Amino acid sequence: MKRQLTITLIAVFAAVGVLSVPLTQTVQAESLVPEWIKTNAGWWADGALDDETFLNGIEFLLESGIINVSSESKTTISEPLTIGFIPVEKADELTPKAQALETFLEHELGIDVEIVVPTNYETIIEGMRFGHIDAAFMDTGPAWITHQRTGAEAVMAELVAGKVNYQATVWALANNDSIQSLEDTVGKKVAFTSITGSSGFVRPMGTLVTDGHITIEGDDIVALESALANNFESYTFAGGYKAALQLLLNGKVDVAFGSDIAPQKYLELEDQVKLRPVTTIGPVPSHVFMVSSDMSDSTKKALVDALIQLNYDENNHILTDLYGAEALVPTTTTMHIGEFGSFIDALTGLDQKILDKYNKSK
């Protein structure tokens, strides 16, 4: 029942957020939305607000005329589309799943659709820059870099476990009360997951830099590494959530950075109770669907309309087979990845590290 209502809400979003609001007016429409609606949306995404209250906010937008449900006929397009997918080592495993989406979109749009399953993000970025790729599913970091380098825009976000994000969290031992905030981690022995980890490095380190607790003297990766050495008693890249938490449990570090559910997911209960979440730092966005800056508004609308159909039961298996997402919800670059992107920008030299991480040909 919960899932059905959620899908219904997504359908409402689809109707009011996409079908009736031209994408060129998205920014203008966002400026008309009251702050309490935006706050409600964030709480709902985090599971802190019930569906009925959230839906009341949507009804307010409809009744006040900020958004309108349209009965416009289906938009048609004539040009073929090429869609990229998140780089993988074994393209033969993803390709059949991508081909199912290809067939679906060709049926919905009435045009030829070609899929590209690359081994690196540079292929997608350059493809979007020179018009060879029109749209792509992407991880958050590469999506922001693609936006910065080509002007591509996020139009949809994946919904996973009812959320479009998860929380980056600071973890300490339960019996250690000397660390009460993110800034308290400065000067301590810390464990990050990896230098490209979203919740395990980008969000916590980016927040420390943008909030002024750490300064990077320079504009490259060497400067970033120097800032780490100068601002922590020691730091290590453990290699993953579990490894970082094990270092904390073994007393090797004072703090481990990671996701809010990492202990629950990777540790036995007897070890989970030895840890405490010091604070949540903020959201880490889910995967996004990006479209080229050259794509016309009518084509964006038709493509988004078609992708929305994946949220309904009869088509949903195509989406879940791809990356495990439950649904796709309309979004914008600013709304979904803008804040996270600012942390990538603040961490000098990190953009190329992120692209290298996803290069499956190396």
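1. Basis. Residues are numbered from 1 along each chain as its sequence is written, and side-chain values use heavy atoms, with hydrogens and water left out. Because the model is predicted, local features need pLDDT of at least 70 and side-chain atom pairs count only at pLDDT 80 or more, while totals for chains, interfaces and linings use all residues.

2. An open sheet of 5 strands has the order 7-6-8-5-9 with mixed pairing; strands are DSSP runs of E of at least two residues, helices runs of H or I of at least four, numbered from the N terminus, and two strands pair if DSSP finds at least two bridges between them. Strand 7 (234–237) and strand 9 (275–285) stand at the edges with a single partner strand each, so one side of each lacks a neighbour in the sheet.

3. Strand 8. Of the 5 residues in strand 8 (residues 255–259), 5 are buried (under 20% relative accessible area, 1.4 Å probe, protein chains only). Strand 8 pairs with strand 5 (residues 165–173) in the antiparallel sense over 4 bridges, and Ser259 is the bridge partner of Ala168. With strand 6 (residues 189–192), strand 8 pairs in the parallel sense over 2 bridges; here Val255 is the bridge partner of Val190.

4. The helix pair. Helix 8 (residues 198–210) and helix 15 (residues 333–346) pack at an angle of about 75°, with their axes 8 Å apart; axes are lines fitted to C-alpha atoms, for helices over the stretch in contact, and angles run from 0 to 180 degrees between N-to-C directions. The two helices are therefore roughly perpendicular (65 to 115 degrees).

Definitions and conventions: Buried < 20%, exposed > 50% of the residue type's maximum accessible area, 1.4 Å probe, protein only. Parallel < 35°, antiparallel > 145°, perpendicular 65-115°, else oblique.
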